[in-house]
Each structure stands twice: as structure tokens, then as C-alpha cells.
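Here is a short briefing on a predicted model. It covers a helix pair, a ligand site and the domain layout.

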Amino acid sequence: MLLKLKNIGKIYDSNGIFTIGIRGINLELDYNEFVTIEGESGSGKSTLLNVIGANDTYEEGELYFNGEETSHYSESDWERYRENNIATIFQDFNIIENLTVLENVELALLRIEDKKERRRRAKELIERVGLGKQINQRGSKLSGGEKQRTVIARALAKDSPVILADEPTGNLDVKASKEVASLLKELSKDKLVIVVTHNPEFFKEYATRRIRVFDGKISEDKLITKPKEREETEEKKEDRKVSKWLNLKNTFHIGALNYKSRPKFTLMMSFALFVCAITMFFVVAIFGQGLIKPTTTTLDHTGITGKVIISNQQNKITQKQLDEVAGKTKAGFFFLDRELSQFSVSIPKLGGMLREHEIVCLYSPYEHNIEAGKAVLVVPNSQKGDADTIKEAFLNAGIGLYEISIESSLNVDGVYLYLSYDDLNEYGEKIQALYSMMTFGTDKTRVYSFEVNENLLEGQVNLVNSNFYSADGKTVVFDAKTDKSYIVIRSDEKNNEVSGLIVQMNRGDYEAMFLSDDNAVQSVLFYKNNDEAKAAIALLPEGYIGMLSTTTVYVQDVMDVFTINILWYLALIAVGLIFAMLISVIFMRSVKIYQADFSVYRTLGISRKISANSLYMQMLFIFLPTLILLPIVSLIMAILPGSNFMLISIGNYIFIEIMMLLIVEFVAYGFNKSINSQSIRKSLRRGSK
Ligand code: ADP
Ligand code: MG
């Protein structure tokens, strides 16, 4: 016995309202039977058919197929059951309207691996249902009869033992109905055909058995002719096992059909996604402008290697402590005050009052081994002409230098004066004060040099000038070291050998201004190179922090940067989420148009995995254009005259693309989940709307 229903019952539960679909159905059905089922509307005919076809579940009783119980079947068992055993024909045709007759029929032949063979079989079947002429017509262009014949060809293609037809002539005129009925008869050989119909007259001459259903029960079961014995065919139909490779090919095939059947949808979605990507691009670009990029700088822009700046966390560093640290780490040279190892001095340009040279004075023992009183001036080639002026300015300033050699180079970015350790130790602060400014009243004047004059009292200064300065009795303040004010005693001393202003002051004041304190917060140690310096840093005694002068450091407060950026990121994530939700909703709604198609796939026994993957693939396809278009748009934006957009960064590009991909694949996931969680009966119904 092919099919046996024992006490089958189906109860619908729609929100707590229970309706009996069918109950207590006992039936035995076999090959070669042509059964018609009649009954009033709502009597349970469709329910019965859906249970047999596994388009719906049953709650009571047991359905046997070839003697095998099915109540324990899992979803995938049912999937295989449908694929191998059932072909379904519906009243409302159920073909994929946007595909051609040929493509529709081929869908039922996916198990045939060879494409040519598949096509040949499909054509043969289409000829058999008399649609040879319409083979390449779209489903939507066919008449009702032609559609139903396509469905019949598809049922034939499946070559399954059970054919179920639910009011197949319900929407057809008399002529088409008769054709469909005779076709059904034709394919009923060696099969079980069950036809639910309101028009039994079309099937009168073919039916071998008539069943009437009333109120969910069988009210009449009449044998008309005894079905033929089944000719035992030798070859037992083995379970159709499909290779992974074929599955993959079929996934591609269906993905391509999804696309082909709705090119406008695909284009629209691609476009929508592209618009989203572009919007995200702007959001991220604006976001990027709000984001604080930590600004970094090296501690020492001259990039001297082997120079370590050390500081003591608790106390200031005394000379004694520095000696110890230097000894312990085998430092070559060291300074108590790190400012002395590098500072700059501005020297006026010859004949140009406002323009000046900025000279970086620095100490770098391993680059130029310099003796006391000697210095090395390094100038870029472009400023070679000024070298002598600068040299003279230093030699004439009375700061202990008597010989300066000049080097010019193509690859320096400024003017540097390398000084000896002794000069820095002794005159360092005085050199630093060279050409410092003096304020008296509202006037600012450049001081050329400072001298000691033992005759002056504390707080008094004499101005010695190459020009005449009348500032007697006025108060002056120097920006050299202190902000103490001094009284100008005399300003009429003239010295024709100097080109600027010399300030004379008492020894105490002079020392207060120029001699370094005994201890400092930071100091500098020099090592042969960065490697030795790094090794030395590791050896520093506890409580000391050491840093290479070439190390990059953050300019802003790290916490500020962190907090502000976190806020920006939160905002971006919020915008992104809202956005993702919006497009997901739009996509979710749009993708519903595939519901009917996917139900057709399912009734054809195409596995969920394949149809689900085909949608993922299609989404990937929809996604592809943004992959190419986004950088192009970004490029156009960047080269547009007057635009301040930058080319999208790789990070942002990846971020946006991944987000878009996630969204569309999430939509596919949602769609697949929703369609798989409902029975075929339900999804068909919704989809047909
Ligand atoms: P027929 O095909 O004979 O017209 P059906 O099998 O469609 O009848 O329906 C049988 C009974 O089950 C009817 O009372 C109908 O209202 C009920 N029914 C069918 N489908 C559902 C459903 N999805 N939810 C609730 N009740 C349903
Ligand atoms: Mg019905």
C-alpha cells in the first residue's frame, strides 16, 4: 500500500480559536488510482491534501508511506519526502510568473546534473503537455490553461509517485479544464493521482474512485473501477542522493533565476544599498572631522640620537643625583637643566629690522667633538649667504665664543649652532638670553648683550648703545630669565663698535639672571646612540623616568581625546543602528515578493538550504555594485574643485562595506527564517497575494 492514513486529524489553532480541519480520516490509497475528492467549501478537502503532501502538519493519527510511519519525521525528512514522493498542482497555478515555461519546468529537474540532458527532458515534457510553442514565454504571458499545463509538465518532471491536485480546473474555462483533466489522466499511469474538485464531471471518465468529504470526515468512498495492478518495475527507486557539487551548482542556478526573474528588484535594491553606502560615507566623513586624532610630536625636533631626557617623579634633580644616575648608566655627558641642551636664539637679519634668523643652539657631543670657545654652525644650502652674519653676531656678543666653523648641507631644515659642553655650562643661559627683548614703558627693544658692571647697585642698569637711547629713570623688564624690573640709571653711553644695545648690571643681578639653579626638574643625559640610550633607560634608578628625545608623545590630554572620541563613536554607532534598522525594514518588505517563488521551490522539493543560499547569493550580488561605486564616488568627491573631501580611507571603506553586507545578508537571513518557520500552505497563501 502506497499511502495509508490512520485516524488522521488536523486542528487549526488561530490565536486560541480551534477549528477542525479534518478528523478521524482513515484511507488507503495505492498506485494506479485516480481519486477525486468532492465536498462543500470548508469541508476539509484542501486540509486533507495538504496533510498528504506534507504542505502542512497533522496532529492526530498516523500517516504511513510505503508502510513507514511518518509521525516522527523531522523537517528534513519531510523535505526529502516532498522531494521524492509528491508533485502538487494548485488552483492558482503556482508557477513563477517571471520565468519562462522552460525555466519553470527545469526547476523540477535540478537533480539531473547534465545541463543539456536537463534541457532535453524539460523540452520533451513541455511538448507532451502541448506547450511547445510557448516554451520561451514568461509565465505571466500565459493563459490560465497554459499555466496549469506548465505546472503539470513540472509535476511530470518530478516523476514522483503521488500527484496532488487541488481544484486544478477551478480557474479554467471548460475547454482548458477538459485538456487539463485528460493530461492528468495521462500522467496517472503507475501513479496515485488525487484531485480535489468542484467539477467532478470533467473527471468522470477517468476517476477510479470517488471520495466525499463532509465536516472534516469522509462521508462517502466509492470505488468505480478497480485500479490496475502495478507493473512491478525492476529498478527500485533509490533515494536520490545529490552531490555537494550539484547542490552548489543548483544554488547558483536558482540565485541566477532569482535575479533574472526580478531584475528591477535587484537593480532597485542595489541602488538603495548604494545610496545607503554613500550616506554612510558622508556620515563617516563628517564623523572623521569631529574625531580628535591624537597629535604627536617628538620631544626634540632636531632628532639627535642617544639623547635621553630624565626626570625624577618626587623631587627635583640635584647635581649629585645626576652624577649618580649618569655613572650608573654610563652616560657620556649630561646637563642638569635640559633647556640648555637645546634652545633657540633669534638674530636680526642684516638691514631688515623685522626679519630674523631663528638659530637652534644645541649640544650633541657625539656629532661634533667641540672644544671650549669653539662652535659649529650648520646652515641649509639655501641660507649659506647668511652664515657669516650669524657667525659675527655670536662672536661679537661676548658670550665666550671665539671661533665658529661653518658647515652647509642640503638636508638640514634649519640653522643649528652646536656648542661645547664647557660653553653651555658656563655661558649657556647667557647665550640663551642673547637678543632677548627688553620692555620699557610700551616700547620693546632688543638687547644685544649683557655685561657685569661692579659699580651699579642691585636693581640698577646702564644701557650702552650704538645709537642714542634716552631712557634714564625708566623701569625696564627683560624676558631673559626673570620678570624682575630694573631702573635705568644711564642711557647715554655710546659705543661705536657694537651694533646694538648692551645692558650692564650688578654682579648679583647678572648671576640671578644667568647662572642656573642648583637643581632642575628635568635633565639630559647623552649616550652614543639610541640603542645605548634605550639600554640606559632600563637601568635608571627607581623614581626616575627617562625618555628618548626622539620619542613621539601625545600633545593633547589622552583622557580628553579618549572621552571625546568615545562620544563620537557612540553617536556613530547610534546613527548606524538607526540606519541599519531602517534599510532592513525596507529590504525586509521588498524581499517578501520572493515569498511565492520560494514556496514554489519548496513544493518542488528544492531544499531549504539551496533556496536559502540562493538568496544569500543574490544579496551578495545586490551588494557588489557598492563595492565598486563607493570608491569611485569618493574619488569624484575628492577631485571636485573646491571640495574638502578626502578619498575614503581603507578602514572606512571596509567598515561601510561590511556594514552594508551585514545588512543585506541579515535581511536574507530574516526572510529565510520567516519563510521556513511557516508551513508551505501558509507561505503559499501569503505569497499569492
Ligand atoms: P476546503 O478545502 O474543503 O474548502 P479547507 O480544508 O480549506 O476546506 O478547510 C477546512 C476547515 O479548516 C474549514 O473550516 C476552514 O475554516 C478551516 N481552516 C482551513 N485553514 C485554516 C487555517 N489556516 N486556520 C484556521 N482554520 C482553517
Ligand atoms: Mg480548498
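Helix α11 (residues 421-433) and helix α12 (residues 507-514) have axes that come within 9 Å and cross at roughly 85 degrees. So α11 is roughly perpendicular to α12, a label for angles of 65 to 115 degrees.

**Helix pair**
- Helices here are DSSP runs (H or I, at least four residues), numbered from the N terminus.
- Axes are lines fitted to C-alpha atoms over the stretch in contact, with angles from 0 to 180 degrees between N-to-C directions.
- From α11, E429, K430 and A433 make the contact; from α12, Y510, M513 and F514 do. Contact means heavy atoms within 4.5 Å.
- The contact residues comprise four nonpolar, no polar and two charged. Nonpolar covers Ala, Val, Leu, Ile, Met, Phe, Trp, Tyr, Cys and Pro; charged covers Asp, Glu, Lys and Arg; the others, Gly among them, are polar.

**Ligand 1**
- Ligand 1 is surrounded by 14 residues, each with a heavy atom within 4 Å.
- The closest are G42, G44, K45, S46 and T47.
- Polar contacts are N or O pairs within 3.5 Å.
- T47 places a polar side-chain atom 2.4 Å from a ligand 1 oxygen.
- For S46, a polar side-chain atom is 2.7 Å from a ligand 1 oxygen.
- S43 uses a polar backbone atom, 3.3 Å from a ligand 1 oxygen.

**Domains**
- The centres of domain 1 (3-241) and domain 3 (301-337 + 518-552) are 91 Å apart, taken over C-alpha atoms.
- Domain bounds come from an automatic or database assignment.

**Conventions**
- Residues are numbered from 1 along each chain, and chains are lettered from A and ligands numbered from 1 as written.
- Local features need pLDDT of at least 70, side-chain atom pairs need pLDDT 80 or more, totals for chains, interfaces and linings use all residues, and side-chain values use heavy atoms, without hydrogens and water.

Conventions: Helix = DSSP H or I, 4+ residues; strand = E, 2+ residues; numbered from the N terminus. Parallel < 35°, antiparallel > 145°, perpendicular 65-115°, else oblique. Polar contact = N/O pair within 3.5 Å; in protein donor to acceptor, adjacent residues only side chain to side chain.
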